[in-house]
Amino acid sequence: VRTAAGEGDRGVSTTQAAAAEGFRAVYGAAPEGLWAAPGRVNLIGEHTDYNDGFVLPLALPHTTVAAASARPDGMLRLHSGGADGGIVELRTDDLRPAPGAGWAAYPAGIVWALREAGLPVGGADVHYESTVPTGAGLSSSAALEVVTALALNDLYGLGLDRPRLARLAQRAENAFVGVPVGIMDQTAAACCTEGHALFLDARDLTRRQVPFDLAAEGLQLLVVDTCVQHELGDGAYAQRRAGCESGARALGVRALRDVPYAHLPEALARLDDEPGTGPAPAPGTGPAVRDLVRHIVTENHRVEEVIARLDAGEIRAIGPLLTAGHASLRDDFAISCAELDLAVDTALAAGALGARMTGGGFGGSALVLAERTAAEHIGTAVTKAFAAAGHIAPRIFPAVPSAGARRLA
Ligand code: GAF
């Protein structure tokens, strides 16, 4: 198992140098500053964020770096070393929500959201370099949003704290880009710290840094990027979210977070008696509302159980909880796919302590908790199983809990 995925190997200093150099090549001057924001994996707590629930992400070493300078004339110029095409030029006064407008909609949405919030943000020149895999369920979008928000926060002296930056980045994605994501990814990019997982209450954004020192325990957390491109904008994510909201309405709670685990049997019985929420979903609406509710309520409980194990210093004991989380996402929430299931099943059969898909689903990545001495063997077993099934080769690398967004220079 390689130490990190491709570009991630080289660390942030190489990406930083490439961003500074790229900025000079594109705009003909040195940038005023350089900022970084990471991708993430979520240890447990999937689709709970938009149900006001609990999540436990950690930042990856893979980052998006922005080299940026303010502009006095209100023009926003955006360029990416990783995207085809030249400079995207926009007038900040003319920014309007632009669903489906490509990568530049994410940073443009940040400028729009900051200005909508009444903050004094003008133009900027920005050049990006990134080592966060895209479409892999590792939050490349949130990294792009948060690094842009942090750069503008500094360039324009906005004084925003990290949770506020995360909220504004989420608003940019919801209202400008048009994807109804929750708050996890932006908060992970903004607030994670090295050596920790971030326990976040998505209702009020209270947070706790939970020590997660895998190396000291002789463990490794592997990311298996299935290379099945995941797309949150295709409607299935929005459909799951709408189903959860109708479940909460039917149960008379503000959000599914308010259904206690101990009351789950009564809640399910009540949904089974309500038209439209019982076991037989209307055609084309995805899983039954009762099944969505069961996933969310049990998943919030699993996050609390994982936290309890970590607080007790029993990292190995979280393995079965991760695996149970995968079964729930596969069977109740119906957002896994053949490649994710194969990665999880093969890793477990090869001796992993636990494994699950991570992120929004429908492709993207799985994570595998393993003894460090078994990681190589498990990675090889997964790669072989993918080849035997005729799937393209997965990219496998360790998730090392890394730093959140920061200014580099
Ligand atoms: C995506 C979303 F962006 C997050 O808000 C979260 O809902 C996640 O899917 C599922 O847990 O990453």
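His47 is found in the loop that lies between strand 1 (33-42) and strand 2 (54-55); helices (H or I, at least four residues) and strands (E, at least two) are DSSP runs, numbered from the N terminus. The structure is a predicted model, in which local features need pLDDT of at least 70, side-chain atom pairs count only at pLDDT 80 or more, and totals for chains, interfaces and linings use all residues. Residues are numbered from 1 along each chain as its sequence is written.

His47 is buried, because 27 other C-beta atoms lie within 10 Å. A residue counts as buried if 20 or more other C-beta atoms lie within 10 Å of its own, as exposed if 12 or fewer do, and as partly exposed in between, with C-beta atoms placed from the backbone. When residues up to four places away in sequence are not counted, His47 touches Arg240, Ile296 and Phe333; two residues are in contact if their C-beta atoms, placed from the backbone, lie within 7 Å. The phi angle of His47 is near 65 degrees, a positive value in a residue other than glycine. Most residues other than glycine have a negative phi.

Thr48 lies in the loop between strand 1 and strand 2. Thr48 has 28 other C-beta atoms within 10 Å and is therefore buried. Its contacts, not counting residues up to four places away in sequence, are Gly53, Phe54, Val55, Ala202, Ile296, Glu299, Asn300 and Val303. Asp52 is likewise found in the loop between strand 1 and strand 2. With 21 other C-beta atoms within 10 Å, Asp52 is buried, and its phi is near 65 degrees, a positive value in a residue other than glycine.

An unreviewed UniProt entry places the feature "binding site" at Glu46, His47, Thr48, Asp49 and Tyr237. These positions are spread over 192 residues of sequence, yet they cluster in space, with a largest C-alpha distance of 12.6 Å. UniProt positions are given in the numbering used here, feature names are shortened, and annotations may be inferred rather than shown by experiment. The ligand is surrounded by 12 residues, of which the closest are Glu46, Val181, Gly182, Met184 and Gly360; a residue is near a molecule or strand if its C-beta atom, placed from the backbone, lies within 6 Å of it. By class, the shell around the ligand comprises four nonpolar, five polar and three charged residues. Here Ala, Val, Leu, Ile, Met, Phe, Trp, Tyr, Cys and Pro count as nonpolar, Asp, Glu, Lys and Arg as charged, and the others, Gly among them, as polar.

Strand pairing was examined next. Strand 2 and strand 7 pair in the antiparallel sense over two bridges, where two strands pair if DSSP finds at least two bridges between them. Val55 stands opposite Leu200 in strand 7. Strand 7 (residues 196-201) is mostly covered, as five of its six residues are buried. Five bridges join strand 7 to strand 8 (residues 207-211), and the two run antiparallel; the bridge partner of Leu200 in strand 8 is Arg207. The hairpin of strand 7 and strand 8 has five residues between the strands, and in this hairpin Leu205 takes a positive phi near 65 degrees.

An open sheet of six strands has the order 5-4-6-3-1-13, with mixed pairing. Strand 5 (88-91) and strand 13 (406-407) stand at the edges, each with a single partner strand, so one side of each is left without a neighbour in the sheet. Strand 3 (residues 57-71) and strand 6 (residues 123-130) run antiparallel and are joined by eight bridges. Ala68 has Val126 as its bridge partner in strand 6.

In soluble globular proteins, nonpolar side chains tend to be buried together. The largest nonpolar core has 128 residues, and those with the most contacts inside it are Ala66, Val146, Val147, Leu222, Val293 and Val368. Helix 3 (residues 140-155) gives the most to this core, with 10 residues. Such a core is a set of buried Ala, Val, Leu, Ile, Met, Phe, Trp, Tyr and Cys residues joined through C-beta atoms within 7 Å. Leaving aside neighbours within four places in sequence, Val368 is in contact with Leu222, Val224, Ala347, Ala352, Ala355 and Ile378.
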